[in-house]
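Reader: I'd like a quick tour of this one. Can we take it piece by piece?

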Amino acid sequence: MKPRENVPLKELNTFGVDARARYLLDIDTCENLAGCLEGYYSGNLPLLILGGGSNILFTGDYHGWIVLVNTKGIGILKEDSSHVWVRAEAGEVWDDLVEYALARGYGGLENLICIPGKVGASPIQNIGAYGVEMKDRFHSLQAYDIHEKKTRTFLKEDCRFGYRDSIFKRELQGRFLITSVVFKLDKHPRVHTSYGIVAEQLRENKVSDPGIRDVAEAIAAIRSRKLPDPDDLGNAGSFFKNPVISGGVYARLKLQYPDIPGYRLPAGDVKIPAAWLIDRCGFKGFRKGEAGVHEFQPLVLVNHGKATGRDILALGDSIRSAVWERFGIRLDREVWVV
Ligand SMILES: Cc1cc2nc3c(=O)[nH]c(=O)nc-3n(C[C@H](O)[C@H](O)[C@H](O)COP(=O)(O)OP(=O)(O)OC[C@H]3O[C@@H](n4cnc5c(N)ncnc54)[C@H](O)[C@@H]3O)c2cc1C
């Protein structure tokens with residue numbers, strides 16, 4: 001657990017971008033986490049916490065400390081006749097937690113199967129997929145305050161979760177190291193199959209009365225068809241968030257682009273698929289040097305092999321400008337740029 005110097009990060013980010021960290025500290029025991037950090041990190045250089053590196057873009061070497069969270073452990077905190085409270089350490093692989101729940105018949109995480117990364121990062125952007133967000137199953141988390149050097153518990157309302165958003169991406173950015181997360185799961189699960197494509201896949205799998213395992217298998221199949229595997233083609237999933245615009249702006253755009261898709265939100269705003277906007281600007285399958293846009297999913301930027309973080313960022317910026325010029329809609333990045 002001693003820090004290493006000048007460490008290559010290529011294998012530690014799913015874009016597969018070549019960069020180096022000045023210092024890297026790999027933490028694998030929860031008991032010693034605070035002591036370990038305090039023992040080595042004096043606060044005079046920047047510090048970045050890294051999980052699976054699946055939502056991050058390094059645009060150069062990191063001239064500070066990277067703390068790699070590898071703490072393990074999943075267990076039941078308490079249960080009653082209908083729910084179970086499961087606690088997972090931050091360094092657990094997210095999909096191992098999903099499998100833990102599936103194997104025991106606990107419902108709630110099945111729609112979030114196959115999302116890369118670690119448990120500790122899941123609250124940062126409130127991961128979500130196929131109609132379910134992590135916040136729907138979140139109970140609380142423990143985090144270490146890097147400034148104050150003490151541990152704090154956050155309940156759901158403290159985290160201010162939103163669409164791919166939380167307090168940890170805003171006011172408390174970079175201040176807390178999440179050490180463990182507690183999820184409240186169902187012992188008598190009701191599945192969520194409201195997404196058309198999930199229902200379709202279940203029909204194709206000839207499942208008429210799906211359980212959580214059926215839903216997980218259907219979603220895993222859809223994801224493996226639609227998304228590139230970072231082991232084959234470097235990427236960090238969706239590069240942009242789906243923009244939300246007012247109902248009035250949507251109505252005006254609809255006159256000009258009758259086929260523009262939109263999902264009306266309860267407050268009257270409309271969420272537009274960023275993939276559609278990017279596709280309409282002609283970027284699907286586009287390639288500039290080693291950086292590119294995925295041929296089937298234009299929301300995913302890819303590294304064809306030797307792209308630098310700056311190449312990928314520049315491509316992202318061209319896409320943002322094109323979407324702004326054509327539709328007057330601003331795209332916000334989902335990926336964390338360092
Ligand atoms: C192929 C692919 C598909 C994806 N699909 C989805 C999807 O469907 N839905 C979705 O929401 N996301 C998706 N993602 C994005 C990504 O998987 C998630 O954002 C994931 O939660 C990132 O986890 P990580 O451990 O890799 O985080 P990292 O990339 O290591 O870090 C992301 C951010 O979290 C911070 N962080 C990490 N761990 C901690 C911690 N313990 N304490 C404090 N801060 C921390 C980092 O500093 C950084 O700011 C996808 C990515 C890929 C590559």
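Reader: At what angle do helix H4 and helix H5 pack?

Author: About 105 degrees, with the axes of helix H4 (residues 196-204) and helix H5 (residues 212-226) 9 Å apart. Axes are lines fitted to C-alpha atoms, for helices over the stretch in contact, and angles run from 0 to 180 degrees between N-to-C directions. Helices (H or I, at least four residues) and strands (E, at least two) are DSSP runs, numbered from the N terminus.

Reader: Before more, what kind of model is this?

Author: A predicted model, where local features need pLDDT of at least 70, side-chain atom pairs count only at pLDDT 80 or more, and totals for chains, interfaces and linings use all residues. Residues are numbered from 1 along each chain as its sequence is written.

Reader: Back to the pair. Are H4 and H5 roughly parallel or roughly perpendicular?

Author: H4 and H5 are roughly perpendicular to each other. Angles under 35 degrees count as roughly parallel, over 145 as roughly antiparallel, 65 to 115 as roughly perpendicular and the rest as oblique.

Reader: Which residues meet between H4 and H5?

Author: From H4, Ile197, Val198, Gln201 and Leu202. They meet Asp214, Val215, Ala218, Ile219, Ala221 and Ile222 of H5. The contact has eight nonpolar residues, one polar and one charged. Contact means C-beta atoms, placed from the backbone, within 7 Å. For classes, Ala, Val, Leu, Ile, Met, Phe, Trp, Tyr, Cys and Pro count as nonpolar, Asp, Glu, Lys and Arg as charged, and the others, Gly among them, as polar.

Reader: New topic, the ligand. How many residues surround the ligand?

Author: There are 33, and the closest are Gly51, Gly52, Gly117, Gly120 and Gly237. Strand E3 (47-50), strand E8 (128-129), strand E12 (176-186) and strand E13 (234-238) each give two or more residues to that shell. Near, here, means a C-beta atom, placed from the backbone, within 6 Å of the molecule.

Reader: What is the shell around the ligand by class?

Author: 19 nonpolar, 13 polar and one charged.

Reader: Now H8. How far apart are the end C-alpha atoms of helix H8?

Author: 27 Å. Helix H8 (residues 309-327) has 19 residues, and at 1.5 Å a residue they should span 27 Å, so the two agree. The expected span is 1.5 Å times one less than the number of residues.

Reader: Which residues of H8 are buried?

Author: Gly309, Asp311, Ile312, Leu315, Gly316, Ile319, Val323 and Phe327. Their cover includes helix H6 (247-256), helix H7 (274-280) and strand E19 (300-303). Strand E4 (56-57), strand E17 (287-288) and strand E18 (291-293) are also part of that cover.

Reader: What happens just after H8?

Author: Gly328 takes a positive phi of about 70 degrees there. Ile329 lies in the loop between H8 and strand E20 (336-337). Ile329 is partly exposed because it has 17 C-beta neighbours inside 10 Å.

Reader: What does Ile329 touch?

Author: Pro243, Ile245, Ile272, Leu277, Val323 and Trp324, leaving out residues up to four places away in sequence. Pro243 is 86 residues away along the chain, yet the C-alpha atoms of Ile329 and Pro243 are separated by 7.4 Å.

Reader: And Arg330, exposed or buried?

Author: Exposed, with 11 other C-beta atoms within 10 Å. Arg330 touches Pro243 and Trp324, again not counting residues up to four places away in sequence. Arg330 and Lys241 are 10 Å apart, C-alpha to C-alpha, and 89 residues apart in sequence.

Reader: Last one, backbone. Which phi does Asn6 have?

Author: Near 55 degrees, a positive value in a residue other than glycine. Asn6 sits in strand E1 (residues 4-8). Asn6 counts as exposed, with 10 C-beta neighbours inside 10 Å.

Reader: What about phi of Arg160?

Author: Near 45 degrees, also positive in a residue other than glycine. Arg160 is in the loop between helix H3 (156-159) and E12. Arg160 is partly exposed, with 17 other C-beta atoms within 10 Å.

Key
A residue is buried if 20 or more other C-beta atoms lie within 10 Å of its own, exposed if 12 or fewer, and partly exposed in between; C-beta atoms are placed from the backbone. Two residues are in contact if their C-beta atoms, placed from the backbone, lie within 7 Å.
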